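Hi everyone, thanks for coming.

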Amino acid sequence: MRTINNLVYHCTASNVDATVSGILKYWRERNGWKNPGYHLILGRGGEPYVLSNIKNVTNGVRGHNHDSIHISYIGGIDGNGNPIDNRTPEQIQAQIFFGKAFKKMFKDIEILGHRDFDGVTKSCPSFDVKNDLIPYIECRHDDMDFTDENTYPFETLLKDVSRKYNRPRHPYEQRLYDAFMELTTE
């Protein structure tokens, strides 16, 4: 396994109706990339599309790909091509789940947005990762009762992921679990 220091969030900087196949085609034909730009893309319904195992390097942030995991959501621009945070609640939930799961796996991982790297002039991911996502990933929930799945619905799933025990109760949780296993199994 390569050394992982960063978990980087991106947007596809595409219309919300873009497809994963269209994005892959763009990278191949327009950018000439052999490897995808991200390890994972989140569809509008929060559905995870695994593009590459985390043991592989992808093309997310020039100069920082060797030690980074890249997660993107479909969207990030408005109808005029301007940056906008147009994530769906499902995409945000999936971002939180994968952030928590990778934080469990790599305790010292730094969580960043593409635009947080020195020299980057893009608006990607079109929201502030530090203020709008990290608090939900890194919160301790000391005052919460984890036995109540309505209070903290990912707790059981995160336990399953850390034990590599497949017991999700909901089809959406199963898709998140399966994607995480595909991303991390060597």
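Let's begin at Gly-113, which touches Val-8, Tyr-9, Cys-124, Pro-125 and Val-129, leaving aside residues up to four places away in sequence. Touching, or contact, means heavy atoms within 4.5 Å. Gly-113 sits in strand β5, residues 110–113. Is Gly-113 buried or exposed? Gly-113 counts as buried because its relative accessibility is 0%. Buried means under 20% relative accessible area, exposed means over 50%, and partly exposed is in between, using a 1.4 Å probe and protein chains only. Gly-113 and Leu-133 are 20 residues apart in sequence, and their C-alpha atoms are 9.7 Å apart in space.

A quick word on where this comes from. It is a predicted model, where local features need pLDDT of at least 70 and side-chain atom pairs count only at pLDDT 80 or more, while totals for chains, interfaces and linings use all residues. Residues are numbered from 1 along each chain as its sequence is written, and side-chain values use heavy atoms, with hydrogens and water left out.

Now the overall plan. The chain has 6 helices and 5 strands. From the N terminus on, the order is β-α-β-β-β-α-β-α-α-α-α. Helices (H or I, at least four residues) and strands (E, at least two) are DSSP runs, numbered from the N terminus. Of the 186 residues in the chain, 48% count as buried. If we take contacts between residues at least 6 apart in sequence, 66% of them join residues at least 24 apart.

Next, please find β4. How many of the residues of β4 are buried? The count is 6 of its 6 residues. On one side are Ser-68, His-70 and Ser-72, on the other Ile-69, Ile-71 and Tyr-73, and all are buried, so both faces of β4 are covered. As background, side chains in a regular strand alternate between the two faces of the sheet.

What about the partners of β4? β1 and β4 run parallel and are joined by 6 bridges, with Cys-11 opposite Tyr-73 in β4. β2 also pairs with β4 in the parallel sense, over 3 bridges, and here Leu-40 stands opposite Ile-71. Two strands pair if DSSP finds at least two bridges between them.

My last stop is Asn-65, in the loop between β3 (48–50) and β4. Asn-65 counts as buried because its relative accessibility is 12%. Its side chain makes a polar contact with the side chain of His-70, at 3.0 Å. A polar contact is a pair of N or O atoms within 3.5 Å; within protein, one must be able to donate a hydrogen and the other to accept it, and residues adjacent in sequence count only if both atoms are side-chain atoms.
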